[in-house]
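This briefing is intended for a reader who has the sequence and the model at hand.

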Amino acid sequence: QDGLAGLRANAATQSQNIWKANIVIGLFYFFVTFEAVFVGVQIVNQSGTNTIEAVALSSTVFLIYFEYMMLKRFVDGMVTPKGTLFPGVHEHPLHFSSEARMAMCSVCREKLGPKTL
């Protein structure tokens, strides 16, 4: 029973922090977009640049968005609860839900409702 109460408290805490994660991701997205536009303007405004310089500057846009994707994955990992493994119920980790409902495993597509309700 203590384990289930801990899972409930952990899920409640993490769900309360999702808005903070969304703000961080949103602000970083706008920053990344500004950087990409800035690099694009630099490429267009520089006269006399050779192809290698233009390609190098253009590749920074891809690196900027790669950095964004890595930050998004990190922040999502911080607010997504870790699953708990119940070998008798299912072979993949299960995540706590505050409402009773039919669920489907995102890994193997097995319906889990009757076993977990």
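What does the accessible surface of the protein come to, and what percentage of it belongs to carbon and sulfur atoms? The accessible surface is about 8,900 Å², and carbon and sulfur atoms hold 65% of it; such areas come from the Shrake-Rupley method with a 1.4 Å probe, and for residues only the protein chains shown count as cover. This is a predicted model, in which local features need pLDDT of at least 70 and side-chain atom pairs count only at pLDDT 80 or more, while totals for chains, interfaces and linings use all residues. Residues are numbered from 1 along each chain as its sequence is written, and side-chain values use heavy atoms, with hydrogens and water left out.

**Fold and confidence**

- The protein has 4 helices and 0 strands, where helices (H or I, at least four residues) and strands (E, at least two) are DSSP runs numbered from the N terminus.
- The order of elements from the N terminus is α-α-α-α.
- The average pLDDT, which is the predictor's confidence in each residue from 0 to 100, is 77 for the protein, and 74% of the residues score at least 70.
- Among the elements, α2 has the highest mean pLDDT (87), and helix α4 (residues 113-116) has the lowest (54).
- Of the 117 residues, 15% are buried; buried means under 20% relative accessible area, exposed over 50%, and partly exposed in between (1.4 Å probe, protein chains only).
- Among contacts (heavy atoms within 4.5 Å) with a separation of 6 or more, 44% join residues 24 or more positions apart.

**Nonpolar surface patch**

- W19, I23 and L27 form a nonpolar patch on the surface, with about 350 Å² of accessible area together.
- Patches are made of residues with over 30% relative accessible area and no salt bridge, nonpolar side chains (Val, Leu, Ile, Met, Phe, Trp, Tyr) being joined within 5 Å and like charges within 9 Å.
- L27 lies in helix α2 (residues 18-45) and is exposed, at a relative accessible area of 58%.

**Aromatic pairs**

- Rings of Phe, Tyr and Trp (its six-membered ring) pair if their centres lie within 6.5 Å; planes under 30 degrees apart count as stacked, over 60 as edge-to-face and the rest as tilted.
- The count by this rule is 5 aromatic pairs.
- The pair of F28 and F31 is tilted, because the ring centres are 6.2 Å apart and the planes are at 40°.
- F28 and F31 are 3 residues apart in helix α2, about one turn of the helix, and F31 is partly exposed at 43% relative accessibility.
- The rings of F34 and F38 have centres 6.4 Å apart and planes at 20°, so this pair is stacked.
- F34 and F38 are 4 residues apart in helix α2, about one helical turn.
- F34 is exposed at 56% relative accessibility, whereas F38 is partly exposed at 45%.
- Ring pairs also link F28, Y29, F30, F31 and Y68 into a cluster.

**Charge pairing**

- Side chains of opposite charge can pair when their charged atoms come close.
- The whole structure contains 1 salt bridge, defined as a side-chain nitrogen of Lys or Arg within 4 Å of a carboxyl oxygen of Asp or Glu.
- D76 forms a salt bridge with K72, and their closest N and O atoms are 3.0 Å apart.
- Both residues, D76 and K72, lie in helix α3 (residues 51-79), 4 residues apart, about one turn of the helix.
- D76 is partly exposed at a relative accessible area of 29%, and K72 is partly exposed at 32%.
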